[in-house]
Number of protein chains: 2
Amino acid sequence: VLHREIAGSEIVSAADERRRRILEAARACFARSGFHGASMQEICAAAKMSPGALYRYFPSKEAIIEAIADEERLCAVQIVREIEGEGLLLDRLIDCAMAYLDYARQPETSELFAEINAESLRNTDIGRRFKAIDEEARLFLRAALADAAARGEIGRDIDLDAALGVLMAACDGLVQRQIFDPHLTSGRVRPVLRRIIAAALETPDRG
Amino acid sequence: VLHREIAGSEIVSAADERRRRILEAARACFARSGFHGASMQEICAAAKMSPGALYRYFPSKEAIIEAIADEERLCAVQIVREIEGEGLLLDRLIDCAMAYLDYARQPETSELFAEINAESLRNTDIGRRFKAIDEEARLFLRAALADAAARGEIGRDIDLDAALGVLMAACDGLVQRQIFDPHLTSGRVRPVLRRIIAAALETPDRG
């Protein structure tokens, strides 16, 4: 039984490894050529796999994009969960924002995010899929802010949805701008972003 | 002489009108399919012109993109010039930001901006062209902020480049997010953005 389990997990792990390789190759291709521009041939070449081998894992480009969307969703969930910790909401919000910006600094991630943003504005299945992930994260953050407003940790009379939308927009923009603006290092962005979050939410602490 | 002048200006105006029609069709195609995805055939069809007629105005897709970049540059210059007026810098900055956001609400403009942002991260001629326009606007705004810091209108000890980068990122992000987030109307964004600009720049007025 033990032997079969090990053999089974080795098979799963080899399949997982190939799946991982395809997804990484696809992310690079989508970052470079866009969701519409990148072809399955390009992804096969980048993954160093034959079309036959690749199609065993993903029957279409849409299936690959769907798998990437699932990964991004898990990642977004993990990052917004940062605000569930202990301590001041402002501290947790800035940790959450910086975790997101640091994640986006990984190679090809900002280009992929830019492509996701562009596609989210288009009325396509892919666009709607990514917009739904964003809305899920927004509602999670909104609930945390509403709790904090009820506790008096942020201004009771602020326009919560407008403030949250502007802060999420600032993070969207930073994900892209931090790549080409040499001034936007984590260490220099953090204090500005902290002042901005405090001001948007009218928290007592603006330190 | 008068007759020739009038006839001449009519010819110019008909040519201008055709140029305008091509550029508008191209903007719509690039917004929909991206710079790489859109073809000259697609642009001809959208402009309702034959390839022969279109090529008389623009010899290549690159020439069309270059003309769009020139238009965007002029528009950016006009918008950042808003901060040269009278009154408090904070008032002029918020007017400048809102003028930019209102401009971007025009049909297809946000999709085109998203495409420009995505392309700016790519190491391509088009990407570099749009990045240069952004840097020109940034340096113009930076000079105005440095003057205001010297006058004591904004905090003397703030990290000017980081603050400006974060504020520009917030506007980049809002251009896109305002299209799909129904809470982000001009009237609701303005007070949040005003608090945020004041906090980023540590201006005395945070009203």
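User: Where in chain A does Lys48(A) lie, in terms of the helices around it?

Analyst: This is a predicted model, so take the angles and areas here as computed from it. The phi of Lys48(A) is near 55 degrees, a positive value in a residue that isn't glycine. As for its place in the chain, Lys48(A) lies in the loop between α2 (40-47) and α3 (51-57).

User: Is Lys48(A) buried or exposed?

Analyst: The cut-off to keep in mind is that exposed means over 50% relative accessible area. Lys48(A) has a value of 73%, so it counts as exposed.

User: Which loop holds Glu108(A), and what is its phi?

Analyst: Glu108(A) sits in the loop between α5 (89-104) and α6 of chain A. Most residues other than glycine have a negative phi. Glu108(A) isn't a glycine, yet its phi is positive, at about 70 degrees.

User: How many helices and strands does chain A have?

Analyst: Reading along the sequence, you get the pattern α-α-α-α-α-α-α-α-α. The C-alpha atoms of chain A fill a box of roughly 60 × 45 × 35 Å along the principal axes. The secondary structure count for chain A is 9 helices and 0 strands.

User: What share of the 207 residues in chain A is buried?

Analyst: Contacts first: of those in chain A with a separation of 6 or more, 66% join residues 24 or more positions apart. As for burial, the share of the 207 residues that is buried comes to 51%.

User: What relation do chains A and B have?

Analyst: Chain B can be laid on chain A by a turn of 180 degrees and a shift of 0.0 Å along the axis, with an RMSD of 0.0 Å. That is why the relation is that of a two-fold axis.

User: Which residue of chain B has the C-alpha nearest that axis?

Analyst: Both copies use the same surface, as 100% of the contact residues of chain B recur in chain A. The C-alpha nearest the axis in chain B is 1.8 Å from it and belongs to Ala170(B).

User: Which backbone oxygens does the side chain of Arg195(B) reach?

Analyst: Arg195(B) lies in helix α9 (residues 186-201) of chain B and counts as buried, at 12% relative accessibility. Leaving aside neighbours within four places in sequence, its contacts are Ile158(A), Ala199(A), Ala200(A) and Glu202(A). Its side chain reaches the backbone oxygen of Ala200(A) at 2.6 Å and, at 2.8 Å, that of Ala199(A).

User: Which backbone oxygen does the side chain of Ser120(B) reach?

Analyst: Ser120(B) is in helix α6 (residues 109-120) of chain B and is buried, with a relative accessible area of 7%. Not counting residues up to four places away in sequence, Ser120(B) touches Gly127(B), Phe130(B) and Lys131(B). At 2.8 Å, its side chain reaches the backbone oxygen of Ile116(B).

User: Which helix gives the largest share of the lining of the largest pocket?

Analyst: The largest pocket has a volume of about 250 Å³. Its lining has 13 residues, with Arg27(A), Glu72(A), Tyr103(A), Gln106(A) and Thr109(A) nearest the centre. By class, the lining has 5 nonpolar, 2 polar and 6 charged residues. In chain A, α1 (2-37), α4 (61-80) and α6 (109-120) each supply at least two of the lining residues, and the largest share, 4 residues, comes from α1(A).

Methods. Residues are numbered from 1 along each chain as its sequence is written. Chains are lettered from A and ligands numbered from 1 in the order in which they are written. This is a predicted model: local features need pLDDT of at least 70, side-chain atom pairs count only at pLDDT 80 or more; totals for chains, interfaces and linings use all residues. Side-chain values use heavy atoms; hydrogens and water are left out. Copies are superposed by least squares on the C-alpha atoms of residues with pLDDT of at least 70 in both. Contact means heavy atoms within 4.5 Å. On a 1 Å grid over the protein atoms alone, a cavity is a set of points where a 1.4 Å probe fits but cannot get out, and a pocket is an open set with protein on both sides within 12 Å along at least five of seven lines; lining residues have an atom within 4 Å of a point. Grid points are joined across faces, edges and corners, and a volume is the space filled by probe spheres set on the points. Ala, Val, Leu, Ile, Met, Phe, Trp, Tyr, Cys and Pro count as nonpolar, Asp, Glu, Lys and Arg as charged, and the others, Gly among them, as polar. Buried means under 20% relative accessible area, exposed over 50%, partly exposed in between (1.4 Å probe, protein chains only). A polar contact is a pair of N or O atoms within 3.5 Å; within protein, one must be able to donate a hydrogen and the other to accept it, and residues adjacent in sequence count only if both atoms are side-chain atoms.
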